[in-house]
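This report describes selected features of a protein model.

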Amino acid sequence: CLLQYAFRCCCKGSKFWGTLTLVFAVSIGFIRSERGKDIFDQQIEAFGGTTTANLYREYISPGFMSEEHLAFQVEAASFFDNRGAEIILPMMIPVLTSTQCKSILDSIHKLRDYWKHANVSAGPFPMFTLGHASYLHGNRTNLNFILKKEFQWLYDIVIHSLENYLGEKVYLKEGANLPGFHLYLSSFIWGFPVAKVHSDIQYSDQFQTDETYSLGSKKVISFTLPIHLPVLGSHGLFTYTANQTSLELKFRKFSKFVREMHPYKVGHLVIHGGLLIHQIAPSFMGLPGDGRITLQGHGFYDSELKSWALYW
């Protein structure tokens, strides 16, 4: 029925509502049975032709464009892992209380004037940053003073937690972007696998003038600290590896790799190797005031100082 309604809308010139209805109809595929899968694929093909059907099967349903391309990414990450940039599977550590998370949220909203809309990555949808992310903004440190003034106590907690986990000193990299916040606000779009499948190799770009920071020469980590998560559904991180890594995680097996779901919890620090292929898992954020707010950062190991440098 939804597909028929979308078709009628398109025929009457209302392409916006037709497209919106089609996207909603496609989302039903995430919860359909195996028998229903064949029927649903036939409906998609009947509505939009072979091109639309292939797009759905290869991208919309699994969340990536090409299984062959993703298999190559998984293999490449393993190659660099063998050169020293160790892949670490996600580990979750409780670090914040609910009261502390509420305090951080209050500070984030107090700094609303410093939010930046991530229009390059998210288009018109409500994705913002507080602080500068190197993958979006390059190396821009003009907000560091504001972030340090408001969140130094939070950085101290994160540094202490990472030191306990890594067993070595951790510090904030001078002259680099401080760890900052991703702000995904309420929108139906985040219920779809729209996030890019990627590795965090920003350190190679951010410090490329120094040969000692070349890709594959450093041990790297990334971390996420959820401050606020949507009320409904599950929220977390998809990881892609050649083989299944845990019997406790929800997973989906493809021909050349496995996707596993690592759930998030508010106030729990998630640490993983930066070269690990990963993706933000879809989350339902349709309720007013809903959202996914996380502290984000990366780190690389400085062998001379025998310590980890953090940045974003």
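Helices (H or I, at least four residues) and strands (E, at least two) are DSSP runs, numbered from the N terminus.

## Basis of the model

The model is predicted: local features need pLDDT of at least 70, side-chain atom pairs count only at pLDDT 80 or more, and totals for chains, interfaces and linings use all residues. Residues are numbered from 1 along each chain as its sequence is written, and side-chain values use heavy atoms, without hydrogens and water.

## Nonpolar surface patch

Leu232 is located in the loop that runs between strand 6 and strand 7 (236–241). With a relative accessible area of 41%, Leu232 is partly exposed (buried is under 20%, exposed over 50%, partly exposed in between; 1.4 Å probe, protein chains only).

Together, Val231, Leu232, Phe284 and Leu287 make a nonpolar surface patch of about 360 Å². Patches consist of residues with over 30% relative accessible area and no salt bridge, with nonpolar side chains (Val, Leu, Ile, Met, Phe, Trp, Tyr) joined within 5 Å and like charges within 9 Å. A salt bridge places a side-chain nitrogen of Lys or Arg within 4 Å of a carboxyl oxygen of Asp or Glu. Accessible areas come from the Shrake-Rupley method with a 1.4 Å probe.

## Positive phi at Lys306

Lys306, although not a glycine, has a positive phi of about 50°. Lys306 sits in the loop between strand 12 and strand 13 (307–311), and its relative accessibility of 56% makes Lys306 exposed.
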